[in-house]
Amino acid sequence: QIFQPLHTLRAAEKELLPGFHPFEWQPTLKAVSSSWDVGILDGLSGWMSSVEDVPADTIARRFRYDVALVSALKDLEEDLMEGLREHGLDDSSVTGFIVTIKESCDGMGDVSEKHGGGPAVPEKAVRFSFTIMSVSAQVEPDDDEESTAAPVVIFHEMKPNSELSCKPLCLMFVDESDHETLTAILGPVVAERNAMKESRLILSLGGLPRSFRFHFRGTGYDEKMVREMEGLEASGSTYICTLCDSTRAEASHNMVLHTITRSHQENLERYELWRTNPFTESADELRDRVKGVSAKPFMETQPTLDALHCDIGNATEFYKIFQDEIGEMHARDADSAPSREERRRWRAALDKQLRKKLKLKPVMRMNGNYARRLMTDEAVEVVCELVRSEERQQALRELMALYLQMKPVWRSTWPARECPDQLCGYSFNSQRFAELLSTTFKYRYDGKITNYLHKTLAHVPEIVERDGSIGAWASEGNESGNKLFRRFRKMNARQSK
C-alpha cells in the first residue's frame, strides 16, 4: 500500500467510504453524467433554470438513480458472493448478473409540523423508492450446449415489504394529485431509468469487475398513482380496471372472466388516438375507443394489483355490506332508498358492536390494521348478532369464509409455497363468491362493483401465474417507510381518539 502512487490510494480510500463506489456504464448513459461520486441532489436538478426562475426553497431531494442502485448492490455484496458459493458457481463461468427492481411510489397526506404555533399548513409529500427483489447470475453454458443456460437466482429478498429493503430514491413536497409538479420532478428519474434499460453497469464486487443488467417493475403503486402515471381516468371512472378494459356495468355482470389487456405501450398508443382523433369521432365514441386513457402515460407500471390496498378496499366494502345487512337492505324495494338518518343509525350500531365485542375503535379512513381485524370469522359472528334472519347470517358467514380462503393467495409472498391449496381453489372460490354477490347481495351489486373487488375476483390467478406472487410486489415497504419519514420530521400523524 505505502509504495503505491497517491491517486490509487485515494481510489482505495474512496472505495471504503460509505456510498461512494466507482462504477461505469457501457454504453454510457444518455443524458446522465458519468461521475460516480455524487451525493444527494436537488430534486429539480436536470431541469434547466431560466433567468426568471425564482430559486424556490427546494421541494425535492433525490439520489441519482444509478448511484443509489450501486450503493444498494454494494450493501448486498456479501449476500451475492455467498449466493455464488452456495450454487457452486465459479467466477469465471458467470458472464453477468440480472437484477430485478421493484419500484414504489406513494403520496403522504398532511406532513406539516405539529408542534409549532400558527395554522397547520396542508403540506403533502410523495416518496419514490426501490427494492432489489432478486439477483440472478447468467452462467456460460458448457461448450456442447448450443442454448444459453437459464439464469441462476443467487439472491432473493426474503422480506420484500420491510422498510429495510425499501431504499428511498426521491422525497418531494408535492401533492400526489398535482400531476404537473409530480411529473416534472420524476421526469429526470424516468429518463435515468430508461437510459439504464439500454445499458449495463460495470461494478467491482468481490474484488472483480462484474456486469449488471436491470429490470424495473413499477408495482408498488396504489390505484390512484397507477391511474395517474398511466394516463387513465380517475378511479370513479366507468372504466374501473387498470388491468383490463371492462366497464363497471360489465364487471358487475361478469365478475370473474376477464384477462389482463392493458399495458404501458397500449396506453401510449391509445393516448395518441385520443390526442389526434383520427376517425373524427364524437367525444363519447372516442372515449369508448381509448377505454378511458385521456392523459399521456408518464411512467411505465406493471399491471398488477396492490395487495395492501386490495385488503383495505375489500374491507371497506364488507364494512358497508355489514351496515346494509343490519338495516335489512335486501328486503327493501329498489325505489325506497334509506334516508341518511337511517344509514347513520346502522353505522352507529355496527361501530358500537365492534367496539364492545372486538375492541375495534371506529376509524375515519379504513387502514390496514383495521381491515385485518375486520376481515375475520369472529368479526362476522359479532355482526351476525345484529342480523335478525338466520338465512342472512349464513350468507354473511359464507361470504367471509370464501374471502378468507382467497385472501392468502394475494397476500402471501410465495403463494405456491405458503398456501398451495388456496391457490388451487382460487378460481372456484372466486366464482362462488361472485355468485353470492350477484344473487343474495344483488341489492348492492346490480350494475356496480368496486374496483378492487373486481380485481380480486377477476385477475388474481392470472397475475400469480405471471409473477409468482402479488404480495411480494405490493407497496407495503414504501408505506412502512412513510412512518420513518414522519419520525424523522419529528411529526406524528393525528391519531384518531
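Modeller: A contact here means heavy atoms within 4.5 Å. The model is predicted, so local features need pLDDT of at least 70 and side-chain atom pairs count only at pLDDT 80 or more, while totals for chains, interfaces and linings use all residues. Residues are numbered from 1 along each chain as its sequence is written, and side-chain values use heavy atoms, with hydrogens and water left out.

Start with Tyr221. Leaving out residues up to four places away in sequence, Tyr221 touches Glu103, Ser104, Cys105, Phe128, Val226, Met229, Met299, Thr301, Asp306 and Ser475. Tyr221 sits in the loop between strand 9 and helix 5 (223-229); helices (H or I, at least four residues) and strands (E, at least two) are DSSP runs, numbered from the N terminus. With 2% relative accessibility, Tyr221 counts as buried, a label given under 20% relative accessible area, with exposed over 50% and partly exposed in between (1.4 Å probe, protein chains only). From Tyr221 to Ala474 the C-alpha distance is 7.7 Å, although the two are 253 residues apart in sequence.

Phe128, one of the residues touched by Tyr221, is also part of an aromatic cluster with Trp25, Tyr65, Phe130, Phe214 and Phe216. Rings of Phe, Tyr and Trp (its six-membered ring) pair if their centres lie within 6.5 Å; planes under 30 degrees apart are stacked, over 60 edge-to-face, and the rest tilted. The whole structure contains 14 aromatic pairs. One of them joins Tyr65 and Phe216, a tilted pair at 5.4 Å centre to centre with 55° between the planes. Tyr65 belongs to helix 2 (residues 65-75) and Phe216 to strand 9 (residues 208-220), so the pair ties together parts that are 151 residues apart in sequence. Both partners are buried: Tyr65 at 0% relative accessibility, Phe216 at 10%.

Another pair is edge-to-face: Tyr319 and Tyr370, 6.4 Å centre to centre, with 80° between the planes. This pair links helix 9 (residues 307-326), where Tyr319 lies, to helix 11 (residues 368-374), where Tyr370 lies, across 51 residues. Tyr319 is buried at 9%, and Tyr370 is buried at 5%.

Helix 9 also holds Asn314, which is buried with a relative accessible area of 0%. Its C-alpha atom is separated by 8.2 Å from that of Ala371, 57 residues away along the chain. Beyond four places in sequence, Asn314 touches Met375, Tyr403, Trp410, Tyr452, Leu453 and Thr456.

For the background, the protein chain has 20 helices and nine strands. Of its 497 residues, 48% are buried. Among contacts between residues at least 6 apart in sequence, 72% join residues at least 24 apart.
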